[in-house]
Amino acid sequence: MAEQTPTPNEAKLLNESWMEKISSGDPGLIKQAVDAVQDFTRTKMREDGFWRRIMPMLPVSNDQLTRTVDDENPVVIVDREPDSPAAITVPFGTLPETLYIRGERYKVQFARILTPRFTKDVDQLRTWVMDIRQVISDNAIKDALAEEDGKFLQSVNTVMIGPGFTVPTSGVVQWQQISGGITRDSLEDSMKIMPNTPSNLEVHTVLVNNITIKDVQKFGRDEMGGDLSQDIMKNGWTLSDFMGKTWVITIKKNLVPTSSMYQFADPKFIGKSYELEGMSLYIRREAFLLEFFAWETIGGSIGWTSGLARADFV
């Protein structure tokens, strides 16, 4: 359902009601004002940001946390599927070899993401005709999501080392440069990178920026197939599924370069991401100054490198 932007009069009434709660000395009323912002924030957090769409966040409780000898920070220990050798053909009367089961594990560490501390004179807020709560929420969310997505792709790039480098855990190059620009042939060639790993995984999600996708929109009827090319020319790119993959398009060109394409396997073949504390907004009024900031505590780890690939079209 599309969001409805309040009219100036409606926004002014919302602001006045919100200001009354913030200005009140009643902690219950202040909590109502804070909760109203938190509810809006949580909804937006689920809709925006590509890390959460590629690796959905799982809630984690205290009983799932464990301690380590390295520091006092909480961690979650995740089991990785143990490997096993292939079956063999033997003569009758032959007993199988003994294999001791060894399971590998990896840990998910947590970090806190903070927005700047915003401050404002309460008397200057009285005449605003825009929805203050929406402004506060949007600013906090954009800051947090940009930090989330940036850290996620930083980890992905580190795992794949660089273009043309062999990833030690898979023994193949998972970050390739493909010449000829983005064509139907080069696009299909990029889809071979991940299945070429020993894990034989298929691409589940493709991440590109809003400039790169326009090169895909150039595909003609002979490349795109039938009337789909005509529909895209008339209506723009409205597809979430294409080539049997889920496509995520971002405007964060500083994180996802133009003419580059990140590819991810099903989340269960990548790793885990957890939300220890969801996005919260702290609001405090002291004398005539109102201050607020947002924070969250999340963590994620890549547990299996073969579920990642990147193609740079040159």
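Which residue in strand 10 is the bridge partner of V206? The bridge partner of V206 in strand 10 is W247.

## Basis

The model is predicted: local features need pLDDT of at least 70, side-chain atom pairs count only at pLDDT 80 or more, and totals for chains, interfaces and linings use all residues. Numbering starts from 1 along each chain as its sequence is written, and side-chain values use heavy atoms, with hydrogens and water left out.

## Sheet

An open sheet is formed by 6 strands in the order 7-14-11-8-10-9, with mixed pairing. Strands (E, at least two residues) and helices (H or I, at least four residues) are DSSP runs numbered from the N terminus; two strands pair if DSSP finds at least two bridges between them. At the edges stand strand 7 (175-178) and strand 9 (241-242), each with a single partner strand, so one side of each has no neighbour in the sheet.

Strand 8 (residues 205-209) and strand 10 (residues 245-250) run parallel and are joined by 5 bridges.

## Nonpolar cores

A nonpolar core is a set of buried Ala, Val, Leu, Ile, Met, Phe, Trp, Tyr and Cys residues joined through side-chain atoms within 4.5 Å. Buried means under 20% relative accessible area, exposed over 50%, and partly exposed in between (1.4 Å probe, protein chains only). The largest core has 30 residues, and F50, I54, F152, L153, L207, Y262 and F264 have the most contacts inside it. Helix 5 provides the largest share of this core, 7 residues.

Leaving aside residues up to four places away in sequence, I54 touches F152, T205, L207, F264, P267 and I270; contact here means heavy atoms within 4.5 Å. Another core, of 21 residues, lies apart from the largest one and includes V216, M261, A309 and A311.

## Largest pocket

The largest pocket holds about 530 Å³ of space. On a 1 Å grid over the protein atoms alone, a pocket is an open set of points where a 1.4 Å probe fits, with protein on both sides within 12 Å along at least five of seven lines; lining residues have an atom within 4 Å of a point. Its volume is the space filled by probe spheres set on the points, which are joined across faces, edges and corners.

The lining has 18 residues, with R80, E81, P82, G303 and W304 nearest the pocket centre. Strand 2 gives the most to this lining, with 3 residues.

## T169

T169 is in the loop between strand 5 (166-167) and strand 6 (172-173), and is exposed, with a relative accessible area of 54%. Its C-alpha atom is separated by 9.7 Å from that of P198, 29 residues apart along the chain.
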